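Welcome to a short tour, to be followed with your viewer open. Load the model, show the side chains, and select along as we go.

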Amino acid sequence: MKDQEDYIRQLEETIRKFLEPIKDVPFPIAIKAITGCKVLSFDKSLEQNQTLIQKLSRACKIAGERAYEKGIFTNRPNEAGNHIEPFVLEALKEVGLNAERPESKSGKKN
């Protein structure tokens with residue numbers, strides 16, 4: 001019986017450790033571990049990247065304002081991202097960026 005109690009205690013301790021927040025993990029490593037996708041480096045000092053940041057900022061502002069005007073209504077908060085996506089796509093195109101719905105790993109576009 002003691003062996004089983006020790007085993008259960010060890011399992012509980014292991015699960016508790018999995019549930020603790022992981023600290024000090026660099027963002028690119030976390031994304032690679034979660035998605036299998038590599039995060040590209042981004043040098044903010046390059047003029048072309050500064051231009052991209054300006055366009056992205058403008059698109060964010062446009063999308064946010066339009067979503068606010070029209071409103072996003074959903075029963076589940078985690079679905080809000082699905083509802084704002086059309087505003088974001090439209091705004092990205094408006095500022096001159098190529099944008100389309102992301103493809104899932106299976107190749108499906110939602």
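Begin by selecting Arg101, which is partly exposed at a relative accessible area of 33% (buried means under 20%, exposed over 50%, partly exposed in between, with a 1.4 Å probe and protein chains only). This is a predicted model, where local features need pLDDT of at least 70, side-chain atom pairs count only at pLDDT 80 or more, and totals for chains, interfaces and linings use all residues. Residues are numbered from 1 along each chain as its sequence is written, and side-chain values use heavy atoms, leaving out hydrogens and water.

Glu85 lies in helix H4 (residues 80-94) and Arg101 in the segment after H4, so the pair ties together parts 16 residues apart in sequence. Helices (H or I, at least four residues) are DSSP runs, numbered from the N terminus. Glu85 is partly exposed too, at 21% relative accessibility.

Next, select Glu13, Arg16 and Glu20, which salt bridges with shared partners join into one network. Arg16 meets Glu13 at 2.3 Å between the closest N and O atoms, and Glu20 at 2.2 Å, N to O. Arg16 and Glu13 are 3 residues apart in helix H1, so about one helical turn separates them. Arg16 is partly exposed at 40% relative accessibility, and Glu20 is partly exposed at 38%.

Finish with Leu11, also found in helix H1 (residues 2-19). Leu11 is partly exposed, with a relative accessible area of 39%.

Definitions and conventions: Helices (H or I, at least four residues) and strands (E, at least two) are DSSP runs, numbered from the N terminus. A salt bridge is a side-chain nitrogen of Lys or Arg within 4 Å of a carboxyl oxygen of Asp or Glu.
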